[in-house]
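Me: Could you go through this model with me? I would like to take it topic by topic.

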Amino acid sequence: MSKNSKIVIVSNRLPVHRVKRNRSYAWETSPGGLVAALKPILRQQPNTWVGWAGYPGAAPKPFEQEGIFNWPVPLSKDEVENFYEGFSNRTLWPLYHDAVRPPEYRRRWWWPYVHVNRRFAETAAEVVARNGTVWVHDYHLQLAPAMIRQLRPDVRIGFFLHIPFPPQELFAQMPWRRRVLEGLLGSDVIGFQTRLGAQNFVRLCRRFTDAHGTRDALEFNGQVTKAAAYPISVDVRRFEELAESPQVIRRCEEFREKLGASRKIILGVDRLDYTKGIDIRFRAYQELLRSGKASLDQCVLVQVAIPSRERVDAYRELKAVVEQYVGEINGEFAELGRPPVHYLHRSLSAEELVALYRAADVMLVTPFRDGMNLVAKEYVATKTDNSGVLVLSEFAGSAKELTSALLVNPHDIDGLESTLQTALNMPRSEQSRRMRAMRRVVKRNDVFNWANTFFEDLSA
Ligand code: G6P
């Protein structure tokens with residue numbers, strides 16, 4: 001297997017997941033732009049992807065899948081509880097998302113976070129070739145860069161944070177703030193989704209560590225780190241191709257017919273996460289129907305909610321709230337065989353998803369805070385005929401680029417309701433003008449461009 005890897009990717013999850021087929025297990029490549037973007041780069045050279053296989057207990061043996069060498073790292077049941085569900089998803093996740101739920105600071109979660117980061121770092125240090133490159137991803141592994149640097153001072157180390165990096169006042173709450181910043185400072189290049197994230201990081205480093213300098217050259221422990229924005233994107237061509245494939249076009253027509261050909265389709269697609277503002281979207285839709293400014297004859301809402309982190313209480317609570325809205329709105333406005341809300345609590349295949357995007361007249365992306373939000377970019381990538389309206393939260397990273405969307409403050413229910421009404425009534429010419437502008441943006445910076453730019457800076 002690939003010890004001596006010129007390039008090593010490290011992320012909490014491997015780019016594959018285990019599926020049960022008949023009575024045995026097999027690996028399937030996970031959907032998502034990150035794997036797609038890195039595949040062409042990884043295939044050119046000896047590589048390893050270090051990550052968790054997604055279930056507790058002993059890790060399977062390293063294996064190759066589609067040109068990528070997967071090196072599974074084990075997590076015990078306790079580590080899943082304390083490192084993954086606890087520190088990663090009950091401390092860091094809410095803290096980094098503007099504390100939309102109160103972050104919990106538990107000392108018994110911190111040490112598992114340190115230990116698991118060390119395990120990932122040791123594995124990366126073991127497999128990377130002399131003068132090779134290690135690229136660490138996301139909030140689960142913020143201590144790993146400094147740990148890798150200590151074990152392997154010869155390698156280049158990059159880090160990319162997929163979620164927002166919080167402002168000083170919030171980050172300062174965290175009891176382990178200095179340790180986290182120093183962990184990240186082990187990197188040569190740290191990528192954030194937005195300039196604001198990079199700025200927050202640099203200010204915090206100056207305040208809580210001995211680092212000094214600027215965003216381009218932050219010096220700490222005799223080493224220089226660059227902190228910059230690298231907004232992630234999607235595989236635009238793949239979405240375009242799928243959108244224009246005969247089976248997707250057929251499926252899209254079926255959806256339109258089933259939902260009522262003359263009705264406008266409003267779509268939401270999210271992991272079922274409290275940062276996504278799914279509840280607030282239902283509230284605005286409910287009020288729009290109640291006010292009579294839109295009716296069952298004119299529109300229908302389809303919400304796809306992909307199950308996520310189901311053992312964490314805040315996620316269970318959100319599910320109950322969302323399902324209560326679905327029940328309430330349908331109870332109040334449905335006619336037999338014609339509900340105003342269609343709710344799917346499951347993931348969809350890429351074809352089904354793209355067919356839905358294609359069918360949707362209005363796409364609602366209303367997170368309270370989001371690192372980027374790739375659903376917004378996927379929708380734009382799919383709309384090859386320049387139709388459709390994107391309603392986008394100004395607190396999503398993608399709002400910095402997709403400025404021709406209808407931008408909303410998701411905390412403002414009246415504003416959301418009136419924007420939804422504007423979206424439903426937008427003339428085709430204005431849709432087209434806005435969508436064209438957004439398509440230019442996503443085409444210019446697709447996910448391949450994102451990965452290449454990061455690697456260029458890392459090897460500079
Ligand atoms: C976000 C994070 C990813 C994470 C994904 C799914 O997008 O930035 O790192 O993999 O959510 O969450 P999960 O907890 O299932 O890995």
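Me: Is Arg 206 buried, partly exposed or exposed?
Reply: Arg 206 counts as partly exposed, at 44% relative accessibility. Buried means under 20% relative accessible area, exposed means over 50%, and partly exposed lies in between, with a 1.4 Å probe and protein chains only. The model is predicted: local features need pLDDT of at least 70, side-chain atom pairs count only at pLDDT 80 or more, and totals for chains, interfaces and linings use all residues. Residues are numbered from 1 along each chain as its sequence is written, and side-chain values use heavy atoms, with hydrogens and water left out.

Me: Where is Arg 206 found, and what is it in contact with?
Reply: Arg 206 is found in helix α7 (residues 195-208). Helices (H or I, at least four residues) and strands (E, at least two) are DSSP runs, numbered from the N terminus. Leaving aside neighbours within four places in sequence, Arg 206 is in contact with Ala 211, Gly 213 and Thr 214, where contact means heavy atoms within 4.5 Å.

Me: Which domains does the chain have?
Reply: The domain assignment gives domain 1 (2-232 + 448-459) and domain 2 (236-444); such bounds come from an automatic or database assignment. Taken over C-alpha atoms, the centres of the two domains are separated by 30 Å. Their contact takes 21 residues from domain 1 and 19 residues from domain 2.

Me: And the largest nonpolar core: how many residues does it have, and why does it lie between the domains?
Reply: The largest nonpolar core has 96 residues, and those with the most contacts inside it are Tyr 96, Phe 165 and Phe 201. A nonpolar core is a set of buried Ala, Val, Leu, Ile, Met, Phe, Trp, Tyr and Cys residues joined through side-chain atoms within 4.5 Å. Helix α3 (residues 107-127) gives the largest share, nine residues. The core lies between the domains because domain 1 and domain 2 both give residues to it. A second, separate core of 39 residues includes Ile 265, Ala 355, Leu 356 and Val 375.

Me: What is Tyr 96 in contact with?
Reply: Beyond four places in sequence, the contacts of Tyr 96 include Leu 161, Phe 165, Phe 171, Met 174 and Arg 369.

Me: On to Trp 135: buried or exposed?
Reply: Trp 135 is buried, with a relative accessible area of 0%, and is found in strand β7 (residues 128-137). Among its contacts outside four places in sequence are Val 8, Leu 38, Phe 160, Trp 450 and Phe 455. Trp 135 and Phe 160 are 25 residues apart in sequence and 7.7 Å apart in space, C-alpha to C-alpha.

Me: Which residues of α8 meet α12?
Reply: Arg 238, Phe 239, Leu 242 and Ala 243 in α8 meet Ala 350, Glu 351, Val 354, Tyr 357 and Arg 358 in α12.
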